[in-house]
Amino acid sequence: MTTVRTRVAPSPTGDPHVGTAYIALMNWLFAKKHGGQFILRVEDTDQVRSTPQSERMILEALRWLGLGWDEGPDVGGPHGPYRQSERTALYQEHAAKLEADGHAFKCYCTAQRLDAMRKQQMKAGEPPRYDGRCLTEEGRAQAKAESPDGSFVLRMKVPSEGVCTFKDELRDDPISIEWSKVDMQILMKSDGFPTYHMANVVDDHAMGITHVIRGEEWISSVPKHELLYRYFGWQPPKWAHLPLLRNADKSKLSKRKNPTSILFFQRAGYLPEALINFLGLAAKSASEGDEMTSLAELREDFALTNISLGGPVFDVGKLDWLNARYLRETMDAPQFLSRVREWALNEEYLLPIAEMAQSRVEKLGDLGGLVAMFFQNRLDMDDAKLRDVKIEAEQQRQAYQLALWQFDKLAEWDKPSVEGVLRDTATRLDLKFKFMVRAFFIAITGSPTSVPLFEATVHLGRDIVRERLRHALEILGNPSKKELKSWEELLNRPLPEEA
């Protein structure tokens, strides 16, 4: 009997997302339920956005949740390496085989031509799809002559007729997608690195993955993957596409609307067992009694058929309720104190606070009010408190939103980066820096005067700061779609010295 092997394959391009934890949990539960193995693979082929820091945070976050893996970049295993950036020779070897067997072709089309082609297709009401110019030697020669540097990508050949039909383990009826709606996918980029589709299939086969359990947004990609398995002569895994986590309004969970980073929930004082319990409810039948359950119980009762296709709602109120039960029902006072110490009353967290506060107190009794904001999530805030500033309300809203966008993109969360974002924001809005900074003092620390703003912002962490600025925007008035578009243009406009 074949050993069940599942995997989670995060991209280290940002903070660890609760969606990654949700997918990891379902793969972990399925593998352990069937006595199998759970693998962690890092998909870091995006050389521009991937960072070692992001990888480290993802691994630490999953371990904090109690989801260990049998094989991975930090523990090794017989199918390594487990970072895709270290497996490029394998992808290039398989790409060469596809081309030699006539299943793939070089494409020299420029980005400008492809952009114009897609715009024309959309204008004509057609789905954007590569038009096959480089399928022929003549077309390739013409495209190569037009290319300024002769660079090319490798594309997969796709049938123009017929239907791809496949079984999904969560759905009763087979899924059928017409080949005419499947694009000729790029397999290898011009930089020699594979796309997700190429690396994903090669790695899943090489690592013996038996069940691919992932988000439902990948259903439309299954024909491309099935085709690659067929071209290589491999047996495809079984597919199971999970419904996505949703906001209360059923929209896709997004950091623009809610906290989505695992690190936020960790810093905000949620317990890992409560968060795992909450995510695991997506695979727990509503008739199974008490919703408070352990990871071991989730594993014992796990079945893909328990997962509703309606999409689990990420109800923070319910998570709060669960977390409160864990705090009150699963530990005595000494254990509670131990968890508090782990969360924030430890030297690693307290020492930077002491360094910021020492020069601002006259007696130890002054500490409470000064540093309380380091132990809170959302601050007690209202419009009058936020508006104790010398800038216009619209500029204040713009400043918060522009900073939010820029904070999201920061590769490093440190004092120079944070200060740089705020100075950039003041310049774009033509505001005096000291007046604008006061608005951030209030939104982030709860006071117009506090410990040093930049150091406090760094220590609180990107996720808590993001939540406080979002809260401030909610109080002052969330921007409309029209405003967001206008402000994005403002953000993307070159500064005078950049022009």
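## Largest pocket

Helix H1 supplies the largest share of the lining of the largest pocket, five residues. Helices and strands here are DSSP runs numbered from the N terminus (helices H or I, at least four residues; strands E, at least two). The model is predicted: local features need pLDDT of at least 70 and side-chain atom pairs count only at pLDDT 80 or more, while totals for chains, interfaces and linings use all residues. Residues are numbered from 1 along each chain as its sequence is written, and side-chain values use heavy atoms, with hydrogens and water left out.

The volume of this pocket is about 1600 Å³. A pocket is an open set of points on a 1 Å grid over the protein atoms alone, where a 1.4 Å probe fits, with protein on both sides within 12 Å along at least five of seven lines; lining residues have an atom within 4 Å of a point. Of the 49 lining residues, Ser11, Thr13, Asp15, His17 and Thr20 lie nearest the centre. By class the lining has 17 nonpolar, 18 polar and 14 charged residues. Elements that each supply at least two lining residues include strand E1 (5–8), helix H16 and helix H20.

## Second largest pocket

The second largest pocket holds about 1200 Å³ of space. It is lined by 33 residues, and Leu263, Gln266, Arg267, Trp343 and Tyr349 are the closest to its centre. H2 gives the most to this lining, with six residues.

## Helix H16

Helix H16 (residues 393–409) has 17 residues and should span 24 Å at 1.5 Å a residue; its end C-alpha atoms are 25 Å apart, which agrees. The expected span is 1.5 Å times one less than the number of residues. Twelve of the 17 residues are buried (under 20% relative accessible area; exposed is over 50%, partly exposed in between, with a 1.4 Å probe and protein chains only). Among the buried residues are Tyr400, Trp405 and Phe407.

## Salt bridges

The structure holds 37 salt bridges (a side-chain nitrogen of Lys or Arg within 4 Å of a carboxyl oxygen of Asp or Glu). Arg5 and Glu71 form one at 2.8 Å, N to O. Arg5 lies in strand E1 and Glu71 in the loop between H2 and helix H3 (88–100), 66 residues apart. Arg5 is buried at 8% relative accessibility, and Glu71 is buried at 5%.

Asp388 and Arg438 also meet in a salt bridge (2.8 Å, N to O). Asp388 is in the loop between H15 and H16 and Arg438 in helix H18, so the pair ties together parts 50 residues apart in sequence. Asp388 is partly exposed at 41%, as is Arg438 at 28%.

Technical notes: Grid points are joined across faces, edges and corners, and a volume is the space filled by probe spheres set on the points. Ala, Val, Leu, Ile, Met, Phe, Trp, Tyr, Cys and Pro count as nonpolar, Asp, Glu, Lys and Arg as charged, and the others, Gly among them, as polar.
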